Amino acid sequence: MTRRRVPEELGIAVVVVLVGGILSAMSAQFRTVDNLQILLLNGAVIAFLALGQTFVLLTGGIDLSTGSNVAMTGMIAALLMQSGLPWTLAALAALAAGVVVGLFNGALVHFLGLPPFIVTFASFGVAASIPLILTGASSVSVKDPAFAIVGRGALFGVPMPVVLVAVAAVILTVLLRLTPTGVHIYAVGGNAETSRLAGIRIGRTTMLVYAISGLCAAMGGLIVTSRLMVGYPSAGSGNELFFSIAAAVVGGVSLFGGIGSIPGALLGAVLIAEVSNGMNVVGVQSYWQPLVIGLIILLGIILDTYRRRVSFSEVLQRLRSRGAVPVAPQAPPLSEAVAADGATTSHTTTRR
């Protein structure tokens, strides 16, 4: 009989439902449709950053430049539209700038052998300074009303940022699950040296995952700028980076590489957005949020470390085995016992 495998994302899905139920019981405002839309809109940027962060984490790296990449790409789009460029071309240029930042990070990590933490932390500073230098730390208003469709539009009643996240999640899931490139990404994160000996091009894979992270950060920058219709040089410098790492980790993406999925990262982003929104609705002070998110990251790392020894399916099996009542061996019927005893006695007598 084939044993059915329990999805690894089941645990985080249950946590999302439980947290949503608790917050709904604590505040009637949390379960309103308007608040749900705010939650999804705020979670869209976190989800995009978490999607990109997932690819980098799967190879065993980390991208700390995503927050400042949001500000830089948003400001580039705003400045290009201010100069008269159509919003579509400005958006494409911003996306290209995000990819360039990612390729820069990937090239330094692979070709110079520098630690991803150091490289992306340096990129964080560079990308954060560029919009400040270009604008003198001033915001730039967006005059093209058509650009609002990216952050304020809707498709069949669903906010456009949520639609964009869903489309990106489907594309990236197909890339990870159904293509050789996805296999290479998991392989590099599992064991880079073995992957190299197997013929996988480590450099191309590394640069690809950082480019995807930069592209996702640029999408976040476009959404933020479109929602506000203003390019802020300090956008993305808040908790966005913090939340994106937390979303990926609690969604089951291993910090050690080789383990994780896009659906898990999305559920993690929903959980982080849910907790952040819920604390605002309930009335918790904003300075408590980093503390709570930090504890969530710590819990996720502890579970990740433990999961590398025992899978979620094995945990469920252990719980089931502990909950099962041990069955005592049944005694044979009295007639069969007598017959067996007689046969034994007869056999013993014959031998004598």
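Leaving aside neighbours within four places in sequence, Phe-55 touches Leu-172, Leu-175, Leu-176, Ile-185, Val-209, Ile-212 and Ile-262. Contact here means heavy atoms within 4.5 Å. The model is predicted: local features need pLDDT of at least 70, side-chain atom pairs count only at pLDDT 80 or more, and totals for chains, interfaces and linings use all residues. Residues are numbered from 1 along each chain as its sequence is written, and side-chain values use heavy atoms, with hydrogens and water left out.

Phe-55 belongs to the largest nonpolar core, which has 73 residues. Phe-55, Leu-222 and Ile-293 have the most contacts inside this core. Helix 2 (residues 33-58) gives the core its largest share, 13 residues. A nonpolar core is a set of buried Ala, Val, Leu, Ile, Met, Phe, Trp, Tyr and Cys residues joined through side-chain atoms within 4.5 Å. Buried means under 20% relative accessible area, exposed means over 50%, and partly exposed lies in between (1.4 Å probe, protein chains only).

## The chain as a whole

The chain has 15 helices and 4 strands. Both are DSSP runs, numbered from the N terminus: helices are H or I with at least four residues, strands are E with at least two. Of the 352 residues, 43% are buried. Among contacts between residues at least 6 apart in sequence, 79% join residues at least 24 apart.

The chain exposes about 18,300 Å², and carbon and sulfur atoms supply 68% of this area. Accessible areas come from the Shrake-Rupley method with a 1.4 Å probe; for residues, only the protein chains shown count as cover.

## Helix 11

Helix 11 spans residues 240-250. It is largely enclosed by the rest of the structure, because 9 of its 11 residues are buried. Among them are Leu-241, Phe-243 and Ile-245.

Ser-244 also lies in helix 11. Ser-244 is buried, with a relative accessible area of 0%. Beyond its neighbours within four places in sequence, Ser-244 contacts Ile-46, Leu-49, Ala-50, Gln-53 and Thr-66. Gly-252 follows helix 11, and its phi is positive, near 100°.

Helix 1 (10-26) and helix 13 (289-307) each give two or more residues to the patch. The largest share, 4 residues, comes from helix 13. Val-282 sits in helix 12 (residues 262-282). Val-282 is partly exposed, at 37% relative accessible area.

## The salt bridge

The structure holds 1 salt bridge. It joins the side chains of Arg-196 and Glu-193, at 2.5 Å from N to O. A salt bridge is a side-chain nitrogen of Lys or Arg within 4 Å of a carboxyl oxygen of Asp or Glu.

The two residues are 3 apart in helix 9 (residues 192-197), so about one helical turn separates Arg-196 and Glu-193. Arg-196 is partly exposed at 46%, and Glu-193 is partly exposed at 43%.

## Confidence

The average pLDDT is 81, and 83% of the residues score at least 70. pLDDT is the predictor's confidence in each residue, from 0 to 100. Over residues 324-352 the pLDDT is below 50. Where pLDDT is low, predicted coordinates should not be read in detail.
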